[in-house]
Amino acid sequence: MSNLDLADRRPFNARIVAALLLRYAVLVALIGVFALFSVLAPSFLAPANLLSILVNNVALLAIVSIGMTLVVAAGGIDLSVGTAIDFASLTFVTLVLGGEPVWLATLAGLAAGALVGLFNAVLIVGLGIAPFLATLGTLFIGRSAQQLITGGGNPIYLPASATPESFRAIGHGAILGIPVPLVVVGLLAAIVAVVLTRTRFGRIVLAIGVQPGVARYSGLDVPRATASIYILAALVSAMAGILLSATVSVYVPYSGNAFLLNAIGATFIGTTLSAESRPNVPGTVLGVLLLGIVANGLLLVGLSYYWQQVGTGVLIFLVLAASFATRGGASRARN
């Protein structure tokens, strides 16, 4: 091969590498921030810290984000995931404090969260209200309801004497050495990924998200699928509420809203892993890992909470910008 041929190939290979880096921006960012904080914060690589990231920064957010992924895959948005978390937590803690069995309190908490999704489904499917406005209304209604129920937003604490061992096991137990929250995340991610990619229901959900009009005219039961998605998303978020309460032994009003923005961010970061920019569970989990590592790393290097939010926002912007640049370049190349 001549020197001229090699010279011609170098720019081509460089373009391929650059395109791959942009195409898998979330993976590149994840590896980059992991390496960065490994250098800047010596304690970052400590096994205890890495486990803390997974359990404290990733697990609950991953659960909420998987629920958000379902909704966004159907072309919607759910601003009331925090309300589902809070209602599940409130019901769960109240029943355990009242002496009810933990299994019954758990089922009741999940049902309370699912009712939030059912309310959203009635607003969106039954009344035709746009998902953004419907779920925003549910968020405000849920906040007011919690204020009324708790006398202005007072937490409900579970004393050690009122917490059975089975209650503590939910938040602090382990299965085969793996913390329960991580087991729940793994099972939930696998189930939702299979549902979205391998089942007829999942194909209907994705069809609604891409072309709702075509899905409707094709004879698909769009209203039922849409209603099911919002109920399922709320039920998934309720799982996070149960785990949160079992971890801290308290119900704190409005605490679920702390997960909302990061869940949306992780879901849209995850779309960069798809060639069609569609929401997907593996991408969402990577997005959650990215946000969790950044939050932990910035804390270890001594930056305040406010700077952590700035760093998270900048990172989300950069990953999405890289993905959109790749999509735009590919679109222009096809045209």
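This is a predicted model: local features need pLDDT of at least 70, side-chain atom pairs count only at pLDDT 80 or more; totals for chains, interfaces and linings use all residues.

Modeller: The element that gives the most to the nonpolar patch is α14, with 5 residues. Helices here are DSSP runs of H or I with at least four residues, strands are runs of E with at least two, and both are numbered from the N terminus. The patch lies on the surface and is formed by L36, V39, L40, V301, L303, W307, V310, V314, F317 and L318, which together have about 970 Å² of accessible area. Two or more of its residues come from each of the elements α2 (25-40) and α14 (305-334). Patches are built from residues with over 30% relative accessible area and no salt bridge; like charges are joined within 9 Å, and nonpolar side chains (Val, Leu, Ile, Met, Phe, Trp, Tyr) within 5 Å. Areas follow the Shrake-Rupley method with a 1.4 Å probe, and for residues only the protein chains shown count as cover.

L318 is a patch member located in helix α14. L318 is classed as partly exposed because its relative accessibility is 48%; the class lies between buried (under 20% relative accessible area) and exposed (over 50%), with a 1.4 Å probe and protein chains only.

Residues are numbered from 1 along each chain as its sequence is written, and side-chain values use heavy atoms, with hydrogens and water left out. The average pLDDT (the predictor's confidence in each residue, from 0 to 100) is 87 for the protein chain, and 89% of the residues score at least 70. Over residues 329-335, however, pLDDT stays under 50, and the model has 0 contacts beyond four places in sequence for them. A contact means heavy atoms within 4.5 Å.

For the chain as a whole, the secondary structure comprises 14 helices and 4 strands. The accessible surface amounts to about 16,300 Å², and 71% of that belongs to carbon and sulfur atoms. Of the 335 residues, 45% are buried. Among contacts between residues at least 6 apart in sequence, 76% join residues at least 24 apart.

S80 sits in the loop between α3 (47-73) and α4 (81-97) and counts as buried because its relative accessible area is 1%. Leaving aside residues up to four places away in sequence, S80 touches V116, N120, T135, T138 and L139. The S80 side chain also makes a polar contact with the side chain of D78 at 2.6 Å; the term denotes a pair of N or O atoms within 3.5 Å, where within protein one must be able to donate a hydrogen and the other to accept it, and residues adjacent in sequence count only if both atoms are side-chain atoms. T138 belongs to helix α6 (residues 131-149) and is likewise buried, at 4% relative accessible area. With the same exclusion of sequence neighbours, T138 touches S80, T83, V116, F119, N120 and L123.

Side chains of opposite charge can pair when their charged atoms come close. The structure holds 2 salt bridges, each defined as a side-chain nitrogen of Lys or Arg within 4 Å of a carboxyl oxygen of Asp or Glu. In one, the closest N and O atoms of E165 and R168 are 3.1 Å apart. E165 and R168 are separated by about one helical turn because they are 3 residues apart in helix α7 (residues 165-172). E165 is exposed at 54% relative accessible area, whereas R168 is partly exposed at 31%. The other joins D221 and R224, at 3.5 Å from N to O; D221 is partly exposed at 37% and R224 is exposed at 60%.

Two backbone features complete the account. L176, although not a glycine, has a positive phi of about 55°; L176 lies in the loop between β2 (174-175) and β3 and is exposed at 85% relative accessibility. Y254 is not a glycine either, yet has a positive phi of about 70°. Y254 occupies the loop between β4 (250-251) and α12 (260-270) and is buried, with a relative accessible area of 19%.
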